[in-house]
Amino acid sequence: MATIAPVGVGAAHPSASRRAWFVLAILCFVYVLNFLDRQLLAILAKPIRDELGLTHGQIGLISGLYFALFYCVLSVPVAWFADRSNRVRVVAFACGLWSAATAACGLAGNYGQLAGARMMVGVGEAGGVPPSYAIISDYFRPGTRGTALGLYNLGPPIGNALGVAFGASIAAAYSWRDAFMALGLVGVATAVIVFVTVREPKRGGLDVADPGAVAAPVERAPFWPTFRMFFTRRVLLLTALATGANQFITYAAANFTTLFLMEEKGMTLNQVAIWYALLVLVSMGGGIFIAGRMVDRFVPRDRRAYAYIPAFALIAAAPFFAGFIAAPGWQLAMVLLVLPMGLNYFYLSPAVALVQEAVPPAQRVMAGALLLLVMNLIGLGLGPTYLGAASDWFASAGHTRPLQMAFYTLLPFYVVAVLLFLALARAIAKEAGERQ
């Protein structure tokens, strides 16, 4: 019987095939659309708010809690189903569903209709990322997955940047409704391409120490034992909690930064479409990719690098984030945002790679979904909801710059996230010692 390769084994294996890179590119583009559709509401928050008369709190709810409840909760049963079926078809169907729902957002005439369409986007997106993690892990060998998943995780910054550039440009030239409808139609076409061109890989086919060995058959993982395993294994639970605390900052900021720059820093929609789009693409994309490369380089020497990489990044990011909030104009604010925009996202590639390497192949989709469940309920569900409510509270208390005050309250969450990542490093060391 073939043995599972430990983390770091893979340098001796052949490089990934052309098909693996093709699949990675296709799935990355799907992730671009996933995040683009998800963030489009935040990017176009000001024109939507002006037309529909929404408060910061209402924007926080539909971009945060309402969306996250459907996205996070449904991702677990969808992942359980994907572990037992064709994962590629699940991704294709999910992409088609959330894209159609995105187009429906452009038809919303009031807050209730927009909220309903956003919830349906969450339903569709529940089937996008966890199956893709597992598909990529079955196309790339151990020791190369950090880089592969780092490239896949460029989806959020590219999606954000394209959303800012094209969404804001379309909205400025036409209307915010046209932006939603155009991008929704692109997603529906992409879903068809995925269904036709991507092949389902063999589960665990590359998880063998000997390239010539035959992998043992992968059994279907039961639902509740996998669920209990994830939440009772300290390394996995701390990974989810630490990334959730990290995402509380990133999602809260991401859903209000465009509005913040326009309302309190004097930036126009056309300026956002150029300068903020470039900053997101370069800084966020660079941070995610560099972190993935660092995983492949440092984890074989010390598995605690999974936790140390994001912890040290957050420590370096916090003072620059505070400077961004305090900057008097948008030009200086953008300069100060360059570093934290990249460093704040150093958590993503290490967290995904750690979870995918730490569980058997049959549990990868489910484990990835449980990771997303926890970190997105905390980050996506609570982050924007909290920041919007905090801004409304500061406004009711008479503060002249309520959104700026709300942004300042994100700084203590840097401390929480760093402490959780350091606890994760200790848990990784302890688990490694128990296995020796």
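Mentor: Happy to! Let's begin with a term: a polar contact is a pair of N or O atoms within 3.5 Å; within protein, one must be able to donate a hydrogen and the other to accept it, and residues adjacent in sequence count only if both atoms are side-chain atoms. Please keep in mind that this is a predicted model, where local features need pLDDT of at least 70, side-chain atom pairs count only at pLDDT 80 or more, and totals for chains, interfaces and linings use all residues. Residues are numbered from 1 along each chain as its sequence is written, and side-chain values use heavy atoms, with hydrogens and water left out.

Our part is helix H5, residues 111-125; helices (H or I, at least four residues) are DSSP runs, numbered from the N terminus. Start with arginine 118, which is found in H5. A polar atom of its side chain lies 3.0 Å from the backbone oxygen of aspartate 37. Setting aside neighbours within four places in sequence, arginine 118 is in contact (heavy atoms within 4.5 Å) with Asp37, Arg38, Leu41, Ile62, Phe67 and Cys105.

Now move to leucine 114, also in H5. Leucine 114 counts as buried because its relative accessibility is 0%. Not counting residues up to four places away in sequence, leucine 114 touches Leu41, Ile48, Leu52, Leu54, Ile62, Cys105 and Ala108. Leu41, Ile62 and Cys105 are therefore partners of both leucine 114 and arginine 118. An α-helix has 3.6 residues a turn, so residues three or four places apart point the same way. Threonine 102 is 12 residues from leucine 114 in sequence and 9.8 Å from it in space, C-alpha to C-alpha.

Because its relative accessible area is 43%, glutamine 113 is partly exposed, the class between buried and exposed (over 50%). Outside the four places on either side in sequence, glutamine 113 touches Leu107 and Ala108.

Finally, a word on confidence: pLDDT is the predictor's confidence in each residue, from 0 to 100. The chain's mean pLDDT is 85, and 92% of its residues reach 70 or more.

Methods:
Helix = DSSP H or I, 4+ residues; strand = E, 2+ residues; numbered from the N terminus. Buried < 20%, exposed > 50% of the residue type's maximum accessible area, 1.4 Å probe, protein only.
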